[in-house]
Amino acid sequence: ETRTKKGEESKYQRASIMSSVDKEIEPLRSLLVSIVSRLEQLEAKAGVSPPPASSGGGGGAVEEELHPSLKAYDTHIEETVKPFVNACNDLPGLKNIGSLILETWMTIRSIIHLGTKCKKPKDVATALKPLLTAVQTPVQSISKMRLDRDYDWHQKAIMEMLVSISWVVCVPPPNPSMFVKETIGSTDFWSNKIRKMYKGKDEKQILFCDALKKLIQDLAKYCQEFHLSGLFWNNARGVDMESVDVNEFLAGAEVKEAKKEAPKPAAAPAAAAAGGGAAALFGELAAKRTNDGTSAATGLRKVTKDQQTWRKEFKGGEPTTTPTTTAKPTTTTAAVAVPAKKKKGPPKCEYQNQGSKWNIENQTKDDNTGLGSSGMLEITITDAKQQVYIYKCENITINVTGKLKSIILDSCSKTNILFDSAISACEIVNCKRVQVQTRGLCPSVSIDKTDGCLVYLSKESLSSTSFVTSKSTEMNGEYFLLVVFEGVSLLIL
């Protein structure tokens with residue numbers, strides 16, 4: 001009995017001691033729990049992947065938890081990319097551009113996924129080359145599409161937007177978010193033209209513009225939150241790029257896209273036909289081949305350039321269909337209607353005393369008032385007060401010798417102008433593919449509504465010539481590369 005009493009007393013003493021210890025460490029335990037929870041929040045915000053959970057030995061395969069940056073990117077696709085794809089599909093002139101844009105964004109997702117698993121390589125561009133090539137494929141397909149003229153602005157706006165996908169290889173400065181935001185202005189330039197044309201007429205066009213801008217803004221916001229200093233790489237717990245097959249991530253993106261857009265199962269005959277793929281198609285064509293070598297393609301005629309509507313050689317009219325037959329073609333040919341060319345006035349090259357002005361009009365290589373021995377139309381200036389006005393000349397070179405007041409090119413095409421020095425300026429208006437060269441000084445060059453202009457300056461003019469441009473494209477200059485925006489005046493130093 002005495003031993004029993006002593007054992008119970010020691011038991012009670014141990015219990016009291018444990019309860020007192022628990023009371024003392026309870027504040028410390030709560031503090032540790034709060035610290036751990038804060039660390040988990042910081043890891044999630046910084047993009048550090050949590051350690052993989054153990055399977056526990058007897059459990060099944062545990063599905064890998066997505067990284068926060070991937071979850072946010074999937075949200076970006078669902079909330080902004082897919083609505084924009086639907087807006088593209090609602091416009092019949094944009095063909096399958098929507099599916100190509102979705103393919104581009106899904107390939108970018110595979111790059112982000114790779115970054116969450118691997119450490120940053122020394123040469124990012126080389127390591128990501130297979131994935132970057134896969135990104136460029138749909139972008140090039142969109143660029144090469146020949147859409148209807150009514151959708152030129154749409155295609156240009158989309159191409160300006162697609163510049164933003166280069167954020168994955170962007171090295172600050174600027175950071176990816178700022179890089180994406182810089183495409184908003186160039187995209188709005190074309191989107192505002194669409195809004196102005198279809199305002200109050202077609203709501204689908206306005207929705208296309210709104211969805212396009214929302215996509216860029218949401219992408220910039222996403223990059224600001226998860227890729228502030230460039231594409232996120234898991235340097236803390238990731239593996240080396242050398243131990244990873246990049247193509248597996250690309251295949252994973254294709255499988256994910258296929259699962260999201262998987263069609264409903266078709267009937268058994270249709271499934272069997274689809275299962276054959278290209279082999280079934282070639283087998284069907286081979287079955288149609290006869291003993292004499294003819295097949296389904298025998299007798300088809302070649303489509304020449306003048307019958308292809310998108311070429312400049314197209315002569316108009318409905319294409320005539322010819323039946324497939326083995327009979328010899330007849331020798332008679334039908335006359336093809338050629339659209340009449342616009343009548344041009346007679347070529348002129350004359351000097352007018354009133355105004356001290358040379359008028360050179362409608363000069364061409366085949367129809368001119370007489371070329372010199374050098375193959376150029378020669379104009380000699382005798383007084384520095386004289387000016388030269390060149391109008392509607394085509395495919396000809398004009399050489400102006402002597403110091404003159406000014407020279408003006410108006411509505412010319414494929415015309416080359418050489419002159420010595422101009423006191424005032426050289427003006428180029430409504431021209432296409434023209435070249436201008438000064439052998440002396442020219443204080444100012446004005447280019448307005450011109451597509452394709454190449455200006456050659458002498459070494460003397462480099463320090464004094466200024467350029468004023470408006471609504472013009474494809475402008476270059478020798479001794480320098482001229483890159484100008486609409487309505488901006490540049491002084492070349």
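The following legends describe close-up views of a predicted model.

**Figure 1. Overview of the predicted protein model**. The protein comprises 10 helices and 14 strands. Of its 493 residues, 34% are buried. Among contacts with a separation of 6 or more, 43% are accounted for by residues 24 or more positions apart.

**Figure 2. Packing of helix α6 against helix α7**. Helix α6 spans residues 152-162 and helix α7 residues 176-198. Their axes lie 8 Å apart, at an angle of about 160 degrees. Because angles over 145 degrees count as roughly antiparallel, α6 and α7 are assigned to that class. The crossing of the two helices is left-handed. On the α6 side, the contact is formed by Trp153, His154, Lys156, Ala157, Glu160 and Met161. These residues meet Thr183, Ser186, Thr187, Trp190, Ser191, Lys193, Ile194, Met197 and Tyr198 of α7. By residue class, the contact of α6 with α7 contains 7 nonpolar, 5 polar and 3 charged residues.

**Figure 3. The buried face of helix α6**. The buried residues of this helix are His154, Gln155, Ala157, Ile158, Met161 and Leu162. Viewed down the axis of α6, they fall within an arc of 160 degrees and therefore line one face of the helix. The partners against which the buried residues of α6 pack are α2 (68-89), α3 (97-117), α5 (129-144), α7 and α8 (203-226).

**Figure 4. Packing of helix α2 against helix α8**. The two axes come within 8 Å and cross at roughly 170 degrees. Helix α2 is therefore roughly antiparallel to α8. Helix α2 contributes Pro68, Ser69, Ala72, Tyr73, His76, Glu79, Thr80, Val81, Phe84, Ala87 and Cys88 to the contact. Their counterparts in α8 are Leu207, Phe208, Ala211, Leu212, Lys214, Leu215, Asp218, Leu219, Tyr222 and Phe226. The contact of α2 with α8 divides into 15 nonpolar, 3 polar and 3 charged residues.

Figure 5. Apart from neighbours within four places in sequence, Ile206 is in contact with Arg195, Tyr198 and Lys199. Tyr198 also belongs to the set of α7 residues that meet α6. Ile194, another α7 residue in that set, is 12 residues from Ile206 in sequence. The C-alpha to C-alpha distance between Ile206 and Ile194 is 7.6 Å.

Definitions and conventions
Residues are numbered from 1 along each chain as its sequence is written. This is a predicted model: local features need pLDDT of at least 70, side-chain atom pairs count only at pLDDT 80 or more; totals for chains, interfaces and linings use all residues. Side-chain values use heavy atoms; hydrogens and water are left out. Axes are lines fitted to C-alpha atoms, for helices over the stretch in contact, and angles run from 0 to 180 degrees between N-to-C directions. Helices (H or I, at least four residues) and strands (E, at least two) are DSSP runs, numbered from the N terminus. Angles under 35 degrees count as roughly parallel, over 145 as roughly antiparallel, 65 to 115 as roughly perpendicular and the rest as oblique. A crossing is left-handed if the near helix is turned anticlockwise from the far one by less than a right angle, and right-handed if clockwise. Contact means heavy atoms within 4.5 Å. Ala, Val, Leu, Ile, Met, Phe, Trp, Tyr, Cys and Pro count as nonpolar, Asp, Glu, Lys and Arg as charged, and the others, Gly among them, as polar. Buried means under 20% relative accessible area, exposed over 50%, partly exposed in between (1.4 Å probe, protein chains only). The arc is that of the directions from the helix axis to the C-beta atoms.
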